[in-house]
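Please read the following as a walk through one chain, from its overall build to single residues.

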Amino acid sequence: DPEPAPSPGVLGESPAMIEAGSGSILLSYAVPFNESRGVYLAASDEAGLQWGVPVEVFDGASAGCDRLGQHSLTSVGGATLDLAWICSSLPGGIGPLAVYHSRSDDGGVSWSEPAQVLERGAAWGQIGADGDGELHFVWEEHVGGRITTWDSLSRDGGETWDDPVWV
């Protein structure tokens, strides 16, 4: 029977799940609104039957992010994980404002200080790793009634990002 995943509130959205080896599963999700808004990661060493307490990767309220969403999770290999998410204005505002990234080298126990990847209006975004362990952030922007798709590459684990390339 389905069981609810761990959450600090009832507004968790955009879940992403990856297998982390040895039967371990990692679940990330965003809480878009209210004081608990942020990005969270929970782990299960029992194939999802029981979950540990979620770790807050990003505190949206403290960072001044009015709305959080469109987060994504990837594994570069081993215990290295990368999360990216979009901060936006509240509904009715100007929309997407910036994209942030954080990395964990210990399987999600601790995370790097969130860093801004883009200060652009990404309406949708996804982080992923290629076969060389380089990170890509692919996103869509809505400008003048058109949708454009972009890609930015990081060769150093998200420390720096190349200029975006129109796809």
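The paragraphs below take the whole chain, then its strands, then its disulfide.

This is a predicted model, in which local features need pLDDT of at least 70 and side-chain atom pairs count only at pLDDT 80 or more, while totals for chains, interfaces and linings use all residues. Residues are numbered from 1 along each chain as its sequence is written, and side-chain values use heavy atoms, with hydrogens and water left out.

In sequence order the pattern is β-β-β-β-α-β-β-β-β-β-β-β-β. The C-alpha trace spans about 45 × 40 × 30 Å along its principal axes. For 167 residues, a compact globule would have a radius of gyration near 15 Å, and the 16 Å of the chain agrees with that. This radius is taken over C-alpha atoms, and the globule rule is 2.2 Å times the number of residues to the power 0.38.

Of the 167 residues, 40% are buried. Buried means under 20% relative accessible area, exposed over 50%, and partly exposed in between (1.4 Å probe, protein chains only). The chain exposes about 8,800 Å², of which carbon and sulfur atoms supply 51%; such areas come from the Shrake-Rupley method with a 1.4 Å probe, and for residues only the protein chains shown count as cover. Among contacts with a separation of 6 or more, 34% are between residues 24 or more positions apart, where contact means heavy atoms within 4.5 Å.

Turn now to the strands. Strands of a sheet pair through backbone hydrogen bonds, either parallel or antiparallel. Here two strands count as paired if DSSP finds at least two bridges between them. Four strands form an open sheet in the order S1-S2-S3-S4, with antiparallel pairing. Strand S1 (13–19) and strand S4 (55–59) are at the edges with a single partner strand each, so one side of each has no neighbour in the sheet. On average, neighbouring strands of this sheet are turned by 15 degrees against each other, direction ignored; the axes are lines fitted to C-alpha atoms, for helices over the stretch in contact, and angles run from 0 to 180 degrees between N-to-C directions.

S1 is joined to strand S2 (residues 25–31) by five bridges, and Ala-16 has Ser-28 in S2 as its bridge partner. The loop between S1 and S2 holds Ser-22, which is exposed, with a relative accessible area of 83%.

Trp-150 has Trp-166 in S12 as its bridge partner.

How many disulfides does the structure hold? There is one, a disulfide being a pair of cysteine sulfur atoms within 2.5 Å. Cys-65 is joined to Cys-87, with S to S at 2.3 Å. Cys-65 lies in the loop between helix H1 (60–63) and strand S5 (67–77), and Cys-87 in strand S6 (residues 80–88), so the link ties together parts that are 22 residues apart in sequence. The link of Cys-65 and Cys-87 is left-handed, with -125 degrees about the S-S bond, and both cysteines are buried.

Technical notes: Helices (H or I, at least four residues) and strands (E, at least two) are DSSP runs, numbered from the N terminus.
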